[in-house]
Amino acid sequence: MRILLAEDDSVLADGLTRSLRQSGYAIDCVGNGQEADTALATQEFDLLILDLGLPKLSGLEVLRRLRARESRLPVLILTAADSIEQRVNGLDLGADDYMAKPFALSELEARVRALTRRGAGGGGTIVKHGPLSYDQVGRSAYINEQMLDLSARELGLLEILLARSGRLVSKEQLVDHLCEWGEEVSNNAIEVYVHRLRKKIETGGIRIATVRGLGYCLEKFAEPAK
């Protein structure tokens with residue numbers, strides 16, 4: 001899951017970034033509203049964590065522009081504890097949830113899990129692919145009920161391949177999904193992540209096909225003939 005964090009308080013932004021990355025999320029962090037609006041208009045994210053008190057362009061204006069583009073991206077707004085009017089305005093403009101500062105990181109992470117689950121399609125949190133089960137909330141994968149030891153990058157790779165099972169996913173799409181704002185993931189690194197993931201899931205008969213020069217495809221699972 002890729003999250004855009006728009007927060008101008010560098011200490012808070014650093015703390016949130018570290019905490020969410022440790023939970024396995026890819027975090028892109030921007031410090032003003034103009035950067036947030038540009039990122040949202042040009043990149044794909046699974047969640048926006050939006051401070052309303054941003055410089056250059058207010059958080060409310062960032063939210064208004066996002067919804068004007070008919071984006072349904074889940075939005076969690078951060079506000080000062082006494083800014084009830086801002087909270088109301090944010091919810092009226094289409095925010096999905098809010099948290100008043102200061103807040104507990106554990107509660108924010110729980111709300112992030114709930115919003116990303118909702119953005120991924122609502123109720124079901126378990127994606128199944130043959131003997132493979134992937135828990136979207138807990139971000140854990142199992143084959144025949146045995147948990148797989150996957151890195152955050154491997155989990156991110158598995159997420160996008162599962163979401164597009166049976167379809168080609170280009171290297172460029174994988175790079176875009178795995179990289180963070182201002183950082184790069186090389187094509188060679190993608191090949192390494194695919195190789196590692198392959199070794200861990202092919203024991204269950206699950207195949208990642210390479211389409212040479214184009215990308216990868218998680219093949220539809222064929223149940224063995226009885």
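**View 1. Three strands of the predicted model form an open antiparallel sheet.** The strand order is E10-E12-E11. Strands E10 (169-170) and E11 (208-211) are the edges, and each pairs on one side only. Strand E12 covers residues 215-218 and is joined to E10 by 2 bridges. E10 and E12 run antiparallel. Ser170 stands opposite Gly215 of E12. Strands of a sheet pair through backbone hydrogen bonds, either parallel or antiparallel.

**View 2. Helices H6 and H8 lie across strands of this sheet.** Helix H6 spans residues 152-163. H6 lies across E10, E11 and E12. Its direction is at about 70° to E12. Helix H8 spans residues 187-201. H8 lies across E11 and E12. The angle between H8 and E11 is about 150°.

**View 3. Strand E7 pairs with both E6 and E8.** Strand E6 (residues 126-129) pairs with E7 in the antiparallel sense over 4 bridges. Lys128 has Ser133 of E7 as its bridge partner. The hairpin of E6 and E7 has 2 residues between the strands. In this hairpin, Gly130 takes a positive phi near 60°. Strand E8 (residues 140-143) is joined to E7 by 4 bridges, again antiparallel. Here Ser133 is the bridge partner of Tyr142 in E8.

**View 4. The side chains of strand E7 point two ways.** E7 covers residues 132-135. Leu132 and Tyr134 point one way. Ser133 and Asp135 point the other way. All four of these residues are buried. In a regular strand the side chains alternate between the two faces of the sheet.

**View 5. Asp51 is a buried residue in strand E3.** Strand E3 covers residues 47-51. The unreviewed UniProt entry places the feature "modified residue: 4-aspartylphosphate" at Asp51. The relative accessible area of Asp51 is 5%, so this residue is buried. The side chain of Asp51 reaches the backbone nitrogen of Gly53 at 3.3 Å. Leaving aside residues up to four places away in sequence, Asp51 touches Ala6, Glu7, Asp8, Gly59, Leu78 and Lys101.

**View 6. Glu7 makes a side-chain polar contact with Lys101.** Glu7 is found in the loop between strand E1 (2-6) and helix H1 (10-22). The side chains of Glu7 and Lys101 are joined at 3.2 Å. Glu7 has a relative accessibility of 3% and therefore counts as buried. Beyond four places away in sequence, the residues that Glu7 touches include Leu12, Ala13, Val30 and Gly31. Asp51, Leu54, Leu78 and Lys101 are also among the contacts of Glu7. Asp51 in turn touches Glu7, Leu78 and Lys101, among others.

Notes: Residues are numbered from 1 along each chain as its sequence is written. This is a predicted model: local features need pLDDT of at least 70, side-chain atom pairs count only at pLDDT 80 or more; totals for chains, interfaces and linings use all residues. Side-chain values use heavy atoms; hydrogens and water are left out. UniProt positions are given in the numbering used here, feature names are shortened, and annotations may be inferred rather than shown by experiment. Buried means under 20% relative accessible area, exposed over 50%, partly exposed in between (1.4 Å probe, protein chains only). Contact means heavy atoms within 4.5 Å. A polar contact is a pair of N or O atoms within 3.5 Å; within protein, one must be able to donate a hydrogen and the other to accept it, and residues adjacent in sequence count only if both atoms are side-chain atoms. Two strands pair if DSSP finds at least two bridges between them. Axes are lines fitted to C-alpha atoms, for helices over the stretch in contact, and angles run from 0 to 180 degrees between N-to-C directions.
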